[in-house]
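Subject: Structure handover

Hello,

Here is the structure I said I would pass on. Please look through it first; my notes follow below.

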Amino acid sequence: MVLNDSLFGPRTQSELCFADIHDSDGSSSSSHQNPKSTAKWAASLENLLEDPEGVKRFREFLKKEFSEENVLFWLACEDFKKTQDKKQMQEKAKEIYMTFLSSKASSQVNVEGQSRLNEKMLEEPHPLMFQKLQDQIFNLMKYDSYSRFLKSDLFLKHKQTEEEGEDPPDAQTAAKRASRIYNT
């Protein structure tokens, strides 16, 4: 079944499930933003992945690079590690395997060792069963796509918008007044 995600286009139901892990509630992105969030994002990939708005922007960038499945897999593994209920853990493990790791996966990630995971292992899951694969994807993002993200128009425009929004109110008012004076 294919559903439509307004930000990222057509998605399967399982992709939407993982896509929702760190999405904001749909309200204006600036309302979720801390001052200088782009500075935090630029400090480390870890900081970026801890901020829902940062995750949203990074996903948007990765989507354009056809590698969004990497961050979705990483987020799904983070969510999986927090799961306590055994039955729920089994379901999530199977979902992660089928969505990202199996040879028939809809959003397959390129990691070494995925063939060592098999469906039998999914019957007795444990919170760190995907850790090595998650680490591989994290390093791939950190040393490849994250550095490109920081140089991307998407990031730089967001940073510029953030910086422009931090002008003191008096400066904005003075600029508007000056504009009215000189444009009349």
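**What was found**

F149 is buried, as its relative accessible area is 0% (buried means under 20% relative accessible area, exposed over 50%, partly exposed in between, with a 1.4 Å probe and protein chains only). F58 also counts as buried, at 0% relative accessibility.

Some notes on the source. This is a predicted model, in which local features need pLDDT of at least 70 and side-chain atom pairs count only at pLDDT 80 or more, while totals for chains, interfaces and linings use all residues. Residues are numbered from 1 along each chain as its sequence is written, and side-chain values use heavy atoms, with hydrogens and water left out.

The mean pLDDT (the predictor's confidence in each residue, from 0 to 100) of the protein is 78, and 69% of its residues reach 70 or more. Over residues 21-33 the pLDDT is below 50, and this stretch has 17 contacts (heavy atoms within 4.5 Å) beyond near neighbours in sequence. Where pLDDT is low, the predicted coordinates should not be read in detail.

Now the aromatic pairs. The structure holds 7 of them (rings of Phe, Tyr and Trp, the last by its six-membered ring, pair if their centres lie within 6.5 Å; planes under 30 degrees apart count as stacked, over 60 as edge-to-face and the rest as tilted). The ring centres of F58 and F149 are 5.3 Å apart and the planes are at 75°, so this pair is edge-to-face. F58 is in helix α5 and F149 in helix α8, so the pair ties together parts 91 residues apart in sequence (helices are DSSP runs of H or I, at least four residues, and strands runs of E, at least two, numbered from the N terminus). Ring pairs also link W41, F58, F61, F149 and F155 into a cluster.

Of the 14 residues of α6, 10 are buried, including V71, L72, F73 and W74.

How far apart are the end C-alpha atoms of α6? They are 20 Å apart, which agrees with the 20 Å that residues 68-81 should span at 1.5 Å a residue (the expected span is 1.5 Å times one less than the number of residues).

Regards
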